[in-house]
Amino acid sequence: MIRQSRLSRTRAVALAAATAGLAAPLLAFAGSAQAAQAAGASSRAASGQAAPAAAVRDEAALTCAMRTAPKNPLAFTPALRDAAAQQVKGQGVVLLEGCTSPNGKVTDIASGRLEVSGTATANCRGVADLSATGTVTWRDAKGQVVGTSQLTAEHKGAATLHDSLLQGDVVSGRLKGRHFSGSATMTSDLRDCTAPSGFTQLAGSGRMSFA
């Protein structure tokens, strides 16, 4: 039986390879700079100290719930295994739903369909040299297309559980120049990592924001 600690480690790595390896986003921000910054802000608030200007982040222009498409989850070729890392391709569709604009600057977007693809050197224990691109087709509350966005994500070198891999930039189209980030929980069965067929598909859900 696979130990729970190993399952947790594999879950985070597999999520990173899936989204960071494509659009780079299903890994939670555990141990990230954002978490440390938030902790510092809470400490300053408790002591009555003002937060430095550099530590104050603008509200996100857009936030959405996200989930992998039921009939088109993130798929890996070849499958991920516990064996030696190898070059892996990933592609799939992520649905962005219930979108809102915290800063009130993007009020016409209600949902989006993100088609992602990318590569990484990976197995079920680790990933390296992630590179991914994606295209989002945005729709308003009536289902009408209101634009598209081109996304890129890249993480050179080896990735660890403390790296925030679900992030990248909007390079063209709607929200150009903004940074995207997110976190998600995986629902796939990681026992497939030790099965003959390997870990071939990733499904999950979470949230994604553009700031």
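This is a predicted model: local features need pLDDT of at least 70, side-chain atom pairs count only at pLDDT 80 or more; totals for chains, interfaces and linings use all residues.
How confident is the predictor? The mean pLDDT of the chain is 78, and 70% of the residues reach 70 or more. The stretch to watch is residues 1-57, where pLDDT stays under 50. The model does have 115 contacts beyond four places in sequence for that stretch, but please read them with that pLDDT in mind.

Now the chain as a whole. We have 211 residues, and buried ones make up 41% of them. The accessible surface comes to about 10,600 Å², and carbon and sulfur atoms account for 51% of that. On contacts: take the ones between residues at least 6 apart in sequence, and 64% of those join residues at least 24 apart.

Let's go to the cysteines. The structure has two disulfides. Count the bonded cysteines along the chain and the pattern is 1-2, 3-4.

Start with the pair Cys 64 and Cys 99, whose sulfur atoms sit 2.1 Å apart. Which parts of the chain does this pair tie together? Cys 64 is in strand E1, residues 62-68, and Cys 99 is in strand E3, residues 86-100, so the link ties together parts that are 35 residues apart in sequence. What about the handedness? The torsion about the S-S bond is about 115 degrees, so this disulfide is right-handed.

And are these two cysteines buried or exposed? The cut-off for buried is under 20% relative accessible area. Cys 64 has 0% relative accessibility, so it counts as buried. Cys 99 comes in at 10%, so Cys 99 counts as buried too.

On to the other pair, Cys 124 and Cys 193, with an S to S distance of 2.2 Å. Here the angle about the S-S bond is -85 degrees, and the link is left-handed. Where do these cysteines lie? For burial, Cys 124 has a relative accessible area of 2%, so it is buried. Cys 193 has 6%, so that one is buried as well.

Strand E7, residues 167-173, pairs with strand E8, residues 179-186, in the antiparallel sense over three bridges. If you want to find one of those in the viewer, go to Gln 167, whose bridge partner in E8 is Ser 181. E7 and E8 form a hairpin, with five residues between them. Look at Leu 175 in that turn: its phi is positive, about 65 degrees.

E8 has another partner to look at, strand E10, residues 204-210. How many bridges join E8 to E10? Seven, and the two strands run antiparallel. A handy place to look is Ala 184, which stands opposite Gly 206 in E10.

That's the tour, so let's open it up for discussion.

Terms used: Residues are numbered from 1 along each chain as its sequence is written. Side-chain values use heavy atoms; hydrogens and water are left out. Buried means under 20% relative accessible area, exposed over 50%, partly exposed in between (1.4 Å probe, protein chains only). Contact means heavy atoms within 4.5 Å. Accessible areas come from the Shrake-Rupley method with a 1.4 Å probe; for residues, only the protein chains shown count as cover. Two strands pair if DSSP finds at least two bridges between them. Helices (H or I, at least four residues) and strands (E, at least two) are DSSP runs, numbered from the N terminus. A disulfide is a pair of cysteine sulfur atoms within 2.5 Å. pLDDT is the predictor's confidence in each residue, from 0 to 100.
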